[in-house]
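Subject: Structure handover

Hello,

Here is the structure we spoke about. Please look it over, then read my notes below.

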Amino acid sequence: MATVELRFSALPEHVRTARLVAAAVARRAGVDEAVLDEVRLAVGEACSRAVGLHQIGGISAPVKVLLIEEEKQFSIEVGDEAPHAVAGGDAGLGDPDGEADEDEMGLAVISGLVDDVEVSAGEHGGLIKMTWPTTPPPTILV
């Protein structure tokens, strides 16, 4: 299992870099070329969401992206350190300008782009894990 870890300051201009790195690593891992645009868009959406949460919460910690190549799948995990509301309570984010609606819209976009997506969140941050199947490289017989 090969893993690439990317950390970047929570600034919108770094999202493009994360998208480019994710697409390059996905291509090398064997993700179908027809799906690479979806990988780019989904990573861009997840990273933009994390950047926004960090900026709203005044969090200086970097956004973390893990690109994980396994035998028959490729996964991308985008993590933030923003406190999220948990069942039965509020983690203190509030919603002064409809930010929860925007957050839900971003998650809906990601769900539309990725068949296998898991979202987890708690008082210490959130994680979006997206997974795509890979095809093994062709065997060359000599």
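Start just after H1: Gly30 takes a positive phi there, about 105 degrees. Helices (H or I, at least four residues) and strands (E, at least two) are DSSP runs, numbered from the N terminus.

Some ground rules before the rest. This is a predicted model, in which local features need pLDDT of at least 70, side-chain atom pairs count only at pLDDT 80 or more, and totals for chains, interfaces and linings use all residues. Residues are numbered from 1 along each chain as its sequence is written, and side-chain values use heavy atoms, with hydrogens and water left out.

**Overall**

The protein chain has three helices and five strands. From the N terminus, the order is β-α-α-β-β-α-β-β. Of its 142 residues, 38% count as buried. Buried means under 20% relative accessible area, exposed means over 50%, and partly exposed lies in between (1.4 Å probe, protein chains only). The chain exposes about 8,200 Å², and carbon and sulfur atoms supply 53% of that. Accessible areas come from the Shrake-Rupley method with a 1.4 Å probe; for residues, only the protein chains shown count as cover. Among contacts with a separation of 6 or more, 68% are between residues 24 or more positions apart. A contact means heavy atoms within 4.5 Å.

H1 covers residues 15-29. Its 15 residues should span 21 Å at 1.5 Å a residue, and its end C-alpha atoms are 21 Å apart, so the two agree. The expected span is 1.5 Å times one less than the number of residues. The buried residues of H1 are Val15, Ala18, Ala22, Ala23, Val25, Ala26 and Ala29. An α-helix has 3.6 residues a turn, so residues three or four places apart point the same way. The cover over the buried residues of H1 includes strand E1 (2-8), helix H2 (36-57), strand E2 (63-69) and strand E3 (73-80).

H2 has 22 residues. From first C-alpha to last it reaches 31 Å, close to the expected 32 Å. Its buried residues include Leu36, Val39, Cys47, Arg49 and His54. Gly58 follows H2, again with a positive phi, near 65 degrees.

**Strand E3 and its partners**

E3 is largely enclosed by the rest of the structure, because seven of its eight residues are buried. E2 and E3 run antiparallel and are joined by six bridges. Two strands pair if DSSP finds at least two bridges between them. A hairpin of three residues connects E2 to E3. Glu69 has Phe74 of E3 as its bridge partner. E3 also pairs with E5 (residues 125-133), antiparallel, over eight bridges. There, Gly79 is partnered by Leu127 of E5.

**Salt bridges**

How many salt bridges does the structure hold? It holds five. A salt bridge is a side-chain nitrogen of Lys or Arg within 4 Å of a carboxyl oxygen of Asp or Glu.

- Arg7 with Glu5: the closest N and O atoms are 2.7 Å apart. Arg7 is partly exposed at 48% relative accessibility. Glu5 is partly exposed at 43%.
- Glu69 with Arg28: the closest N and O atoms are 3.0 Å apart. This pair links distant parts of the chain, with Glu69 in strand E2 and Arg28 in helix H1, 41 residues apart. Glu69 is partly exposed at 22%, while Arg28 is exposed at 54%.
- Arg49 with Asp80: N to O is 3.9 Å. This pair also links distant parts, Arg49 in helix H2 and Asp80 in strand E3, 31 residues apart. Both residues are buried.

**Two glutamates to check**

Glu77 is in strand E3. Glu77 is buried, yet has no salt bridge. The nearest side chain of opposite charge is Lys129, 4.1 Å away. For charge, Lys and Arg count as positive and Asp and Glu as negative; His and the chain ends are not counted. Leaving aside neighbours within four places in sequence, Glu77 contacts Lys64, Val65, Leu66, Ile68, Leu127, Ile128 and Lys129.

Glu118 sits in strand E4 (residues 116-122). Glu118 is partly exposed, at 47% relative accessible area. Its C-alpha is 5.8 Å from that of Ile128, ten residues along the chain. Not counting residues up to four places away in sequence, Glu118 touches Leu127, Ile128 and Lys129.

Best wishes
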